[in-house]
Amino acid sequence: MTAFTATAPGKAILFGEHAVVYGRPAIAVPVSQVQARVVVTAEPRRPSGEVRIVAPEIELEASHSELAVDHPLAKAVSLVVEMFGVERMPACSLRITSTIPLAAGLGSGAAVSVATIRALSAFLGHPLPDDRVCSLAYEVEKLHHGTPSGIDNSVVTYGKPVYFVRDRPIQVMNLPAPFTMVIGDTGIRSPTSLSVGDVRVRWQSEPEKYEAIFDRVGEISQSARQLIEGGSPMSVGSLMNENHALLTQMGVSCAELDRLVDAALQAGASGAKLSGSGRGGNMIALATPQDAELIARALERSGAVRTIVTQVRAIR
Ligand code: PMV
């Protein structure tokens, strides 16, 4: 039986989360050790029009028509079906699996959307180009939180390190020297919508203070880009520390994230910060290849439920 499979990687935000929602630049990289995978299979024995969605990790098994229209999986399917003007879908099933932890700042929602859109469009005979995949995935991101910057769907679609400014074409980064990062998961799940919403409330009540914080975060992203593209990625450690302090001021860190950041620095990381929307989820630390495993063990001793050592490099 013909099956169409698509995958999409996880992602980590190196610099600029939250401020990116307010137009400041941010840097994000794909994390290929974790991924979402969608397999679309024709089901000729089922009634035509039936699209079955099976996602074991979230214990979901339902027909597309049974899901609420604003369910992210239903939305991803509907966007593709509507885009091609398909009146009656050939019966099929979508099996969605992912090794990206949910609600942990590693882009699980965006990766599932991207893989779903790719696999379904291929099943319908029209595999979509990346720019279309990216813009449809952005529509689904709006369901996760109302005001996404678009950074998650961009880095996950293109699978390359990006320098991202909202509403501008993505800029793929030049990475002359690869570098190593250790990712540590607090194990605390925190929906993006909550922290993004809280930052918005704070920004509305103290606009000057928050604009100044966002400005500084934007400068940090710019400086980090220069260092990374100039071949000195190991020099961005102090910028990561400063970015973490600014995220703390925004109110999106938590004791568990701070504990992992401190543990990474004590174990020799040259910089560390929370990554993603915060309040839990993951943090990242900059490491030499020699120290990475040591730092990963230190993170585990300080409560990380899982660690990933990843190489950040240019992908052609
Ligand atoms: O969904 P997360 O946790 O990967 O966070 C996305 C990054 C934010 O800047 C917090 C939100 C956004 O839309 O850019």
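The sections below treat the model, its pockets and the ligand in turn.

## Basis of the model

The model is predicted, with local features requiring pLDDT of at least 70 and side-chain atom pairs counted only at pLDDT 80 or more, whereas totals for chains, interfaces and linings use all residues. Residues are numbered from 1 along each chain as its sequence is written, and side-chain values use heavy atoms, with hydrogens and water left out.

## The largest pocket

The largest pocket holds about 840 Å³ of space. Its lining comprises 42 residues, and Ala-103, Ser-108, Gly-109, Ala-110 and His-144 are the closest to the centre. A pocket here is an open set of points on a 1 Å grid over the protein atoms alone, where a 1.4 Å probe fits, with protein on both sides within 12 Å along at least five of seven lines; lining residues have an atom within 4 Å of a point. Volume is the space filled by probe spheres set on the points, which are joined across faces, edges and corners.

At least two lining residues come from each of strands S1 (3-15) and S5 (92-98) and helices H1 (72-83), H2 (108-123), H3 (130-144), H4 (151-158) and H5 (192-205). Helix H2 gives the largest share, five residues. Elements are DSSP runs numbered from the N terminus (helices: H or I, at least four residues; strands: E, at least two). By class, the lining has 20 nonpolar, 17 polar and five charged residues; Gly counts as polar, and Asp, Glu, Lys and Arg as charged.

## The second largest pocket

About 230 Å³ of space lies in the second largest pocket. Among its 15 lining residues, Cys-134, Asn-153, Ser-154, Phe-164 and Arg-168 are nearest the centre. H3 and H4 are the elements that give two or more residues to this lining, and H3 has the largest share with four. The lining consists of six nonpolar, five polar and four charged residues.

## The ligand

The ligand sits in the largest pocket, meaning that more than half of its atoms lie within 2 Å of the grid points. Around the ligand are 16 residues, of which Lys-11, His-18, Ser-149, Thr-192 and Ser-277 come nearest; a residue is near if one of its heavy atoms lies within 4 Å. S1, H4 and H5 each supply at least two residues of this shell, which divides into six nonpolar, seven polar and three charged residues.

The protein covers 95% of the 380 Å² of accessible area that the ligand has on its own (Shrake-Rupley method, 1.4 Å probe).
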